[in-house]
Structure formats: structure tokens, C-alpha cells
Amino acid sequence: MIKQLVILAGGQGTRLKQVTGDLPKPMAPIGGIPVLEHQVRNAARYGFEEVVFLTSYRSEVIENHFGDGSRWNVKFRYFLDESPLGTAGATFAAMGQLDEQFLLLYGDVMHDVDLRHFAEFHCARQDAAATLFVHPNDHPQDSDLLEMRDDARITCFHGYPHAPASWYRNVVNAGLYALTRQALVSYAGTREKLDFCKDVFPCMVADGRSLYGYSSREYIKDMGTPERLATVNAHYEQGRIQGLNRANPVPAIFLDRDGTLIRHVPFLARAEQVELLAGAALAVRRIHDASYLAVLVTNQPVIARGECSVRELERIHGRMEQLLATEAHTYLDAIYYCPHHPDSGFDGEVPELKIACDCRKPNTGMIRKAAQDLNIDLKRSFMIGDSMRDWKAAIHAGLHPIFVNSGQEDGYSFDDIPAEKVFADLHTAVSHLFPII
Ligand SMILES: [Zn+2]
């Protein structure tokens, strides 16, 4: 069981100077309380016994504020790093103080994460050298991105800047890790200044070490600029940060892909064919502003038919995510797809995917999986789609169904659907659900 939380608390906060004066960055206030204190409170709440602060700039301000930790019933230790060693360099310098397994958190991120659940995920994987908390953010185009397999193992890091048309998925390291000391030590001292994401983790993956990504919809966001600090403060006042803790069920808007979010192209099989429908990105943003998750559930029989590889499908989804971010600074909380198709006997098909599955809409496998992964309250949730398959999947799963008439699929009618449930497109439907007051 992991009992120790290490916090990288050395940040100066140069970009925050106009708001916080010469306070160290982790002391910037959210709801009147320093970010670092929110972190400490959360560590205490989840039963961590020790917090190690790796300090640098104005360490005395932090030490005077927190003392020995008895106020929170947690033991505090301070480790002063006078020279800037980088995130991993500072951690290696303090290695003598660290347990065999520990959590590490960047001091400039506001979060409300179930740290115990995260730590257990790491401990449950005996080969895990490191586990990274990962999530989509609203600016993947200028973030370091990573790739994971279905079993959550990290296969690749893509540092910013990204090559044109690379279209990586929106999977971003959030600044919270679970680390195994023994797996790290051989990387100490390889350079004077070492960063986890730029130097250490990519080397570990290249060396065949097991790194895992822990995907979560919980809130974790850095507040290193005046704009971000203002945004995080607003989210705190709205209760959005606390509300997203995994213990709390949240409502979601389930979205169909082709004809709902992106333009319908028959048998879409290349990333270059992706085009967001007008207003769709703004609609996704409005879903988040209303404190709902946005979850994509899409049938992709092109995989079973052998017309599109899983790798190309990931590029398609990566491009869609990048377009959402550039158009409206928004993202999808998760994407689920069904690669199956029930009818077999065609040239080029993938026989093992030609099955009657329980995930292909109107079945509810994807919706139920999402509800379990993300703790979604289905009774308060909606499904928006442009086909009867979406409509029926919604009813079967106990969601409120909504029909959009923006798809171009032929061969079905929606005469049976009540007119008040039919909207011209996603933006109109979402504007109806969440009117701007
Ligand atoms: Zn399926």
C-alpha cells in the first residue's frame, strides 16, 4: 500500500506575478486556499501518512505555512533543491527519502482525484514501473501526447511539436504519477537536468519497462497562467472540480459520430475525410459547460470489413479530437467503438470480427462499458444520434433519446419519433437541452 505523496513544489510562478506577487506558484489561491493546501487535504483524506515537499523558490514560505503537518495529521518533510534539476532530477536528488512506491504530483495542478484508487491501480500491476494519470485536454495540438494499448500499457510518447498530419489521439499526461523506485534508479544522473515526460519515461518505454496510463474523467488542471488560474477558480466556485471525483455519479451526453458530430461519408476510412459538422464543436463545449460528460459511441464495421485498420481509426479519431480543440477548445471525455459486423462471407473481411456482438448499436455494450468506466448516471443522461440504431440503443440503455436530422444515411424513416425529439443538428439539440440564460 502506498503511503507517501511527493509534491514538486519548486515552481516560481513567473507568469502569475501580476496576480500573486512573489508567492511561489504552488501557493496561488483557489477559493482562497493555496493549491498546495488543497493537495495536502486530499492526501490526508485518502489516508496518506507522509508528504514530501520538493521545494526550491522561497521554500520558507511553504515551510512556514505547512509546518510539520500535525494540523492535517500527516507527517511532512521538506527537501530543498537549490539548482533547477527538472522534475525527474529533483525527484532523484531526494531518492534517499522516498519509499519503494510513492505518488508524485506537480505542485501547480488543482485536482480532486481519488488518490487511493489511482495508487491501487499501480500496485495491482506487478510489472508497473510507472503509472501516469492521463486524460484529454482542450489543447492537444501543443501538448505532449502518448499512445496506449487496450490493456492501458503505454507504447509511445509524442513530444510537442507534432509533425503535420500526425493526428495523435488526445491523451495527455496530467502531472500525477505512481512510481516504483527500483525501476527508476538506473535513470538517475544520465543528464544534469532531467524531465520525466521528455527524458525518463520515453527511455523507460524504449527499454521495455511497463508504463501504464490511468484514464480518468476526474478534474486535474494546471493553473500556471493568470487565465488558467481564473478558470480553475471559476470551476471551483461552480463545484465542478469536486463534482467530478470518481465517487460521484455524473450525467453524460452520448454522441453518435457519423452524421451527428462529423459529416457522414459512406464507409469513412481515412483521417483526411473527417470534417466536423457546423456548430458541433461548440455543442461539445456547451455539454461540458453544463457539467455533463461528452462520450462518443460509434459503430465502425469498416474494421470488420477490412476497409480500415485500427491504427487508421485511431488517426481518424485523433483528427476529430484535434479539430474539436482548435475550433472550440473542447474534447471528448471518451470514445468507444464497435469494430464488429454480423454478416460474414465477404472478400477482405476480418473473420474474428464478423460476429453478433453486444456492443454494436442498437445493443448497449458500449454505453454500459462507459457507464462503468466513468461512473455515469444513465437516468440523467441523453443519447444524440441520427439513426434508429442510436434511438433504440438509447431506449434499451435507459437514456433519454434525441434524434438529429443531420445525417445523410438513406433507407430508414423516423416517422415514429415524436417531433419534439427531432432537431436539425447537434448544435440545435444541445442548445435546446442547455439554453444560455
Ligand atoms: Zn461490437
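Me: Which residues of H11 do Ala-281, Leu-282, Val-284 and Arg-285 in H10 meet?
Reply: This is a predicted model, in which local features need pLDDT of at least 70, side-chain atom pairs count only at pLDDT 80 or more, and totals for chains, interfaces and linings use all residues. Residues are numbered from 1 along each chain as its sequence is written, and side-chain values rest on heavy atoms, with hydrogens and water left out. Helices (H or I, at least four residues) and strands (E, at least two) are DSSP runs, numbered from the N terminus. With contact meaning heavy atoms within 4.5 Å, the four H10 residues meet Leu-324, Glu-327 and Ala-328.

Me: How many charged residues does the contact of H10 with H11 have?
Reply: Ala, Val, Leu, Ile, Met, Phe, Trp, Tyr, Cys and Pro count as nonpolar, Asp, Glu, Lys and Arg as charged, and the others, Gly among them, as polar. By these classes the contact of H10 with H11 has five nonpolar residues and no polar ones, and its charged residues number two.

Me: Is H10 roughly parallel or roughly perpendicular to H11?
Reply: Axes are lines fitted to C-alpha atoms, for helices over the stretch in contact, and angles run from 0 to 180 degrees between N-to-C directions. Angles under 35 degrees count as roughly parallel, over 145 as roughly antiparallel, 65 to 115 as roughly perpendicular and the rest as oblique. The axes of H10 and H11 (residues 310–328) come within 9 Å and cross at roughly 80 degrees. H10 is therefore roughly perpendicular to H11.

Me: Is the crossing of H10 and H14 left-handed or right-handed?
Reply: A crossing is left-handed if the near helix is turned anticlockwise from the far one by less than a right angle, and right-handed if clockwise. By that criterion, the crossing of H10 and H14 is left-handed.

Me: How many nonpolar residues does the contact of H10 with H14 have?
Reply: On the H10 side are Ala-280, Leu-282, Ala-283, Arg-286 and Ile-287, which meet Leu-426, His-427, Val-430 and Ser-431 in H14. Of these, two are polar and one is charged, and the nonpolar residues number six.

Me: How many of the 10 residues of H10 are buried?
Reply: Buried means under 20% relative accessible area, exposed over 50%, and partly exposed in between (1.4 Å probe, protein chains only). Ala-280, Ala-281, Ala-283, Val-284, Arg-286, Ile-287 and His-288 are buried in H10, and they pack against H9 (240–243), S14, S15, H11 and H14. H10 is largely enclosed by the rest of the structure, because its buried residues number seven.

Me: Is Ser-291 partly exposed or buried?
Reply: Ser-291 lies in the loop between H10 and S15 (293–299). Its phi is near 65 degrees, a positive value in a residue other than glycine. With a relative accessible area of 42%, Ser-291 is partly exposed.

Me: What is the relative accessible area of Phe-267?
Reply: Phe-267 is found in the loop between S14 (252–255) and H10. Although Phe-267 is not a glycine, its phi is positive, at about 55 degrees. Phe-267 is exposed, with a relative accessible area of 53%.

Me: Which residues does Asp-390 touch, not counting residues up to four places away in sequence?
Reply: Asp-390 is placed in H13 (residues 388–397) and is buried, with a relative accessible area of 3%. Beyond its sequence neighbours up to four places away, Asp-390 touches Asp-256, Lys-361, Met-383 and Gly-385.

Me: Which residues touch the most other members of the largest nonpolar core?
Reply: A nonpolar core is a set of buried Ala, Val, Leu, Ile, Met, Phe, Trp, Tyr and Cys residues joined through side-chain atoms within 4.5 Å. Among the 69 residues of the largest one, those touching the most other members are Leu-132, Phe-196, Phe-201 and Leu-211.
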